[in-house]
Amino acid sequence: MTVGFAGLGTMGLPMAMNLLRAGHALRVWNRTAERCAPLLELGARHAVSIDALCRDADVVMLMLFDESALDAVLGRRSHAFGARVAGRTFVHLGTTSPAYSAALARDLDACGARYVEAPVSGSRVQAERGELVGMVSGGDAAVDAVLPLLAPLCRRTFRCGAVPGALRMKLAVNHYLIAMVAALAETVHAARAAGVDAALLRDVLDAGPMASEVSRIKLGKLVAADFTPQAAVRDVATIADLVTAQAETAGVDAPLIRACASLYRRTAAEGFGDLDMAGVVHAFGARGPDRKEP
């Protein structure tokens with residue numbers, strides 16, 4: 001099986017590298033072609049266009065920024081769409097609205113293509129380690145064919161039924177993640193203002209029953225004021241809006257995620273959109289006498 005991969009950003013590049021290291025024959029394409037270079041050095045082949053990528057690959061994995069990027073890359077509203085996708089399996093690894101994914105699945109099916117929804121939970125660190133958590137939806141045969149490709153990327157993969165079940169699950173997971181990181185940022189901000197040693201607070205929390213891999217990583221970033229992005233504020237703001245919309249569509253009152261979405265939007269609007277999601281601490285203003293700038 002020849003695999004195509006499009007979208008070599010913060011998450012996509014390490015994911016594609018793990019596919020190569022697992023021995024898969026990989027074709028790569030990115031709208032910014034220079035991002036393909038590290039993969040070409042490892043033995044990937046460069047597709048000069050999205051048409052070439054689709055033509056040469058049996059399965060095309062897409063780790064693209066948003067719905068507009070997916071439509072633009074696939075040419076979904078153009079005459080080229082049908083010929084480009086026919087006979088291929090497309091794997092949507094990113095995070096979009098469930099309704100968008102369901103519509104994309106219908107359009108691909110109408111053109112003779114197969115579709116698998118496979119959003120992942122985790123940030124750049126987990127992507128580099130091949131320790132993401134995958135959620136997968138689609139027809140049984142298509143999912144069965146794609147699962148071996150997810151194995152080098154994910155420590156565990158969960159089948160979530162028909163499309164868009166995996167994206168609904170992903171948004172539920174992100175509901176908790178976003179609220180947790182916002183709470184950590186607020187905690188560090190308030191503790192510093194009260195005269196608490198932030199480094200010692202981190203050590204106490206890391207040693208206790210509330211600690212997790214995410215809390216340890218994000219607390220480390222907050223204490224050191226190291227906001228090198230693993231999952232950027234701007235992206236998290238977009239996903240927080242999707243989570244909020246899912247709750248509202250279900251008729252559920254979700255005040256915590258509404259508040260978090262507002263905090264992330266404010267942080268991005270104030271010029272911190274490229275920082276790691278822990279950078280939401282900037283929404284709370286100055287962080288005390290030991291403040292460090294990113």
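In H4, the buried residues are Ala69, Leu70, Asp71, Val73 and Leu74. The model is predicted.

**Helix H4 and its ends**

- H4 covers residues 67–74.
- Several elements cover its buried residues, including strand S2 (25–29), strand S4 (59–62) and strand S5 (89–92).
- Helices also contribute to this cover, among them helix H3 (50–56), H5 and helix H6 (98–110).
- At the start of H4, a side-chain oxygen of Asp66 comes to within 3.3 Å of the backbone nitrogen of Ser68.
- Just after H4, Gly75 has a positive phi of about 65°.

- Arg76 sits in the loop that joins helix H4 to helix H5 (81–85).
- Is Arg76 buried or exposed? Its relative accessibility is 10%, under the 20% cut-off, so Arg76 counts as buried.
- The side chain of Arg76 makes a polar contact with the side chain of Asp107, at 2.8 Å.
- Leaving aside residues up to four places away in sequence, Arg76 touches Asp71, Phe81, Tyr100, Ala103, Leu104 and Asp107.
- One of these neighbours, Asp71, is itself among the buried residues of H4.

**The chain as a whole**

- The secondary structure comprises 13 helices and nine strands.
- The radius of gyration is 20 Å, close to the 19 Å that the globule rule gives for 294 residues, so the chain is as compact as a globular protein of that length.
- The C-alpha trace spans about 65 × 45 × 35 Å along its principal axes.
- Of the 294 residues, 50% count as buried.
- Take the contacts with a separation of 6 or more: residues 24 or more positions apart account for 66% of them.
- The accessible surface is about 13,000 Å², and carbon and sulfur atoms hold 55% of that area.
- There are 31 positive and 30 negative side chains. The centres of the two sets lie 2 Å apart.

**Gln246, in helix H12**

- Gln246 belongs to helix H12, which runs over residues 233–249.
- How exposed is Gln246? With 25% relative accessibility, Gln246 counts as partly exposed.
- Which residues does Gln246 touch, not counting those up to four places away in sequence? They are Pro98, Arg168, Leu171 and Ala172.
- Leu171 is 75 residues from Gln246 along the chain, yet their C-alpha atoms are separated by 7.7 Å.

**Backbone points to check**

- Most residues other than glycine have a negative phi, and most peptide bonds are trans.
- Ala225 has a positive phi of about 55° although it is not a glycine.
- Ala225 lies in the loop between helix H11 (213–224) and H12.
- Ala225 counts as buried, because its relative accessibility is 9%.
- The peptide bond from Val163 to Pro164 is cis, with omega near 10°.
- Pro164 lies in the loop between strand S9 (154–159) and helix H9 (165–193).

Conventions: Residues numbered from 1 in each chain as written. Predicted model: local features only at pLDDT ≥ 70, side-chain atom pairs only at ≥ 80, totals over all residues. Heavy atoms only, no water. Helix = DSSP H or I, 4+ residues; strand = E, 2+ residues; numbered from the N terminus. Rg over C-alpha atoms; globule rule 2.2 N^0.38 Å. Buried < 20%, exposed > 50% of the residue type's maximum accessible area, 1.4 Å probe, protein only. Contact = heavy atoms within 4.5 Å. Areas by Shrake-Rupley, 256 points an atom, 1.4 Å probe, with all protein chains shown as cover. Lys, Arg positive; Asp, Glu negative; His and termini not counted. Charge placed at Lys NZ, Arg CZ, Asp CG, Glu CD. Polar contact = N/O pair within 3.5 Å; in protein donor to acceptor, adjacent residues only side chain to side chain.
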